[in-house]
Amino acid sequence: MQEFIYYNPMGLDFPVGEEIFVTTNIEDTKDKSFIISNTDEINSELVSKEIDFYIKNSQDNLSDKIKNVSKLYEIAATKYDFSQDISYFQEVSNTILLITNNEEQYEQFIKKVNVSDFEIFSIEEKILKDINGNIGSIQVTVNDEEEDIILNVSQIVWFDAKKEILKQTGIFDINISNIDEVIEKLKANINSYSYKKFTTYNQSICQYDERRVEICSACVDVCPTTAIIKNDKNKKLIFSPIECISCGDCVSVCPSGSLDSAVTNRDSLYEISQFYKNKHPFIVSSKVDISNLEITLKQNVLPFFCEGDIFDESSLLTLLQLSGSQLIYFSDSISIGTKESIDILNEIYRRKYNIEAIFLVTNTQELEDAISNVSFVEGSYFNFNQKGLKKREVFSQRLQKIVENDDLGVIKTSKFVHYGTVEVNDSNCTLCMSCVGACNVDAIFANQTDFTLRVNPSLCTACGYCEVTCPEKDCLTIKRDEIQLQPMWFKENILAKDNLFACVECGKEFATTKAIEKIASIMGPIFAKVSETKKRTLYCCEDCKAKLMIKQGLLDA
């Protein structure tokens, strides 16, 4: 297997690196396989269509073009090396269920279809009770003469289908497209339906998984299909890769970073971003059809194609700082999380550098203007080894570099991208550390050297689970949906402090003073009714507590 190939019957009018096999004759590629190619006409692991797009449209000089073509191959190879997307195949039979409201709709479909291609069942919508499953394995529950019957089919054609049900794969509404298109899709799916796993999931930092109350389900809220649903009984997310359309919405809104793209994950984005140093990154979402996009790319503009709108505030800021440039982002239907992240970063850059960070464009005219105006941002380049860090940790360090010693005010966050500041009433806090256990992004933590409860506000997702978990009244609250652009927001802030309590018998320190005092205030009057010795055990370590009780028992005997 060779790594890189460039195939074009018209050839190339400039040389490229020796690592790229160039041919004008497709016969030269027979019985060979490659890792990266510029076209899907070649048998390769990954097709990088941005290569031809760049060659066709770039105004770079010859020397830079040669270097940048090699760079685009290396970028594609990096995507390939880091990708975790897995291909699957779903068996789909020719069984079709037709759901109609009347006989006329049934006849309309039957006239168009070749009945020998399908095994067709038909029901009236009024007897339909429920639909479960996905393409190839759909269970339809109908009520026939007061008895529930389950029909197993592979695909469904439904006249005037309910909007929500169309989120499931294998269900088509003829009134949305047309009969001929639907029939072609039905036939194409039989025996050859393939799909990929587009996301990865780290449940250890998920802010829904196994929590007593629902704190976050942003991924479920934004998913346009049924690829992610929640089980409210045991607080587990249920993933159905076959339903996933790789839009990236769930990745862009996940506050902790527990969801990531399997195609281009965060480590991959970091490595790729390093190729864009001293370049103007031109991000093009896979939602955009570039086959007929003709646009002049001024010098140093280098395309970056991604699968879906997977970018969040952390990955976008990484690309901004590693390129040292403003970004151009082209998407005609951007994910809500990416859009909110762009708004946040634009406000930050306006306050620090007096310019926009990212040009978000949706059409050719806006794109032409953005390419004309994109520029480098003096003093914005910053890099550090962020491998192994969580999403919030990366953003914190990168944003701290921008703020430095300035006070740039407060930015309000929006519906899906949340930040916050934890506040604690020290007089009511017993340092039980329940909030520390509740925080899975390590924003709240205990410092054992000075017996303090601390928070790094820049890591807080404002999920509120610490608030729910805190057992004390009027103790812990969260100031939600704000980013404080000043130095203390990135530092460890002391929320509460206490001293260790020494056992009244042996002097060993074994708990915080506030915790002992609280327990004693509740249990002291009760224990005093038994004996003063019993009451004294409230101020003893575990060993001395047992000794006192045994001694008291012997005396009583």
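**Helix contacts and pockets**

A: Let's start with a helix pair: in H1, Glu50, Ile51, Tyr54 and Ile55 touch Asp64, Lys65, Asn68, Val69, Leu72, Tyr73 and Lys79 of H2. Keep in mind that this is a predicted model.

Q: What's the split by class in the contact of H1 with H2?
A: There are 6 nonpolar, 1 polar and 4 charged residues in that contact.

Q: And at what angle do the axes of H1 and H2 cross?
A: Roughly 165°, with the axes coming within 10 Å. Because the cut-off for roughly antiparallel is over 145 degrees, H1 counts as roughly antiparallel to H2.

Q: Is the crossing of H1 and H2 left-handed or right-handed?
A: The crossing of H1 and H2 is right-handed.

Q: OK, another pair. How far apart are the axes of H8 and H11?
A: The axes of H8 and H11 are 9 Å apart, and the two helices pack at an angle of about 40°. That angle makes H8 oblique to H11. As for handedness, H8 passes H11 in a left-handed crossing.

Q: Which residues make the contact between H8 and H11?
A: H8 brings Glu313, Ser314, Leu317, Thr318, Gln321 and Leu322. On the H11 side you have Lys391, Arg392, Val394, Phe395, Arg398, Leu399, Lys401 and Ile402. By class, the contact of H8 with H11 divides into 6 nonpolar, 3 polar and 5 charged residues.

Q: What about H3 and H4, at what angle do they pack?
A: About 65°, with the axes 10 Å apart; H3 covers residues 103–112 and H4 covers residues 179–189. H3 passes H4 in a right-handed crossing.

Q: Who's touching whom in the contact of H3 and H4?
A: Gln108, Phe109 and Lys112 come from H3, while H4 contributes Ile179, Asp180, Ile183 and Leu186. That contact of H3 with H4 has 4 nonpolar, 1 polar and 2 charged residues.

Q: Which element gives the most to the lining of the largest pocket?
A: H1 does, with 5 residues. By class, the lining of the largest pocket has 16 nonpolar, 9 polar and 10 charged residues.

Q: And what volume does the second largest pocket have?
A: About 440 Å³. Its lining has 25 residues, and the closest to the centre are Gly257, Asp260, Arg266, Asp267 and Leu389.

Q: Which elements each supply at least two residues of the lining of the second largest pocket?
A: Strand E14 (199–201), helix H7 (266–273), helix H8 (313–323) and helix H11 (391–403).

Q: Which one gives the most to the lining of the second largest pocket?
A: H7, with 5 residues.

Q: Last one: how do the residues of that lining divide by class?
A: The lining of the second largest pocket divides into 6 nonpolar, 13 polar and 6 charged residues.

Note on methods. Residues numbered from 1 in each chain as written. Predicted model: local features only at pLDDT ≥ 70, side-chain atom pairs only at ≥ 80, totals over all residues. Heavy atoms only, no water. Helix = DSSP H or I, 4+ residues; strand = E, 2+ residues; numbered from the N terminus. Nonpolar A, V, L, I, M, F, W, Y, C, P; charged D, E, K, R; others polar. 1 Å grid on protein atoms, 1.4 Å probe; cavity = no way out; pocket = protein on both sides within 12 Å on 5 of 7 lines; lining within 4 Å. Points joined across faces, edges and corners; volume = space filled by probe spheres on them. Axes fitted to C-alpha atoms, helices over the stretch in contact; angles between N-to-C directions. Parallel < 35°, antiparallel > 145°, perpendicular 65-115°, else oblique. Left-handed = near helix turned anticlockwise from the far one by under 90°. Contact = heavy atoms within 4.5 Å.
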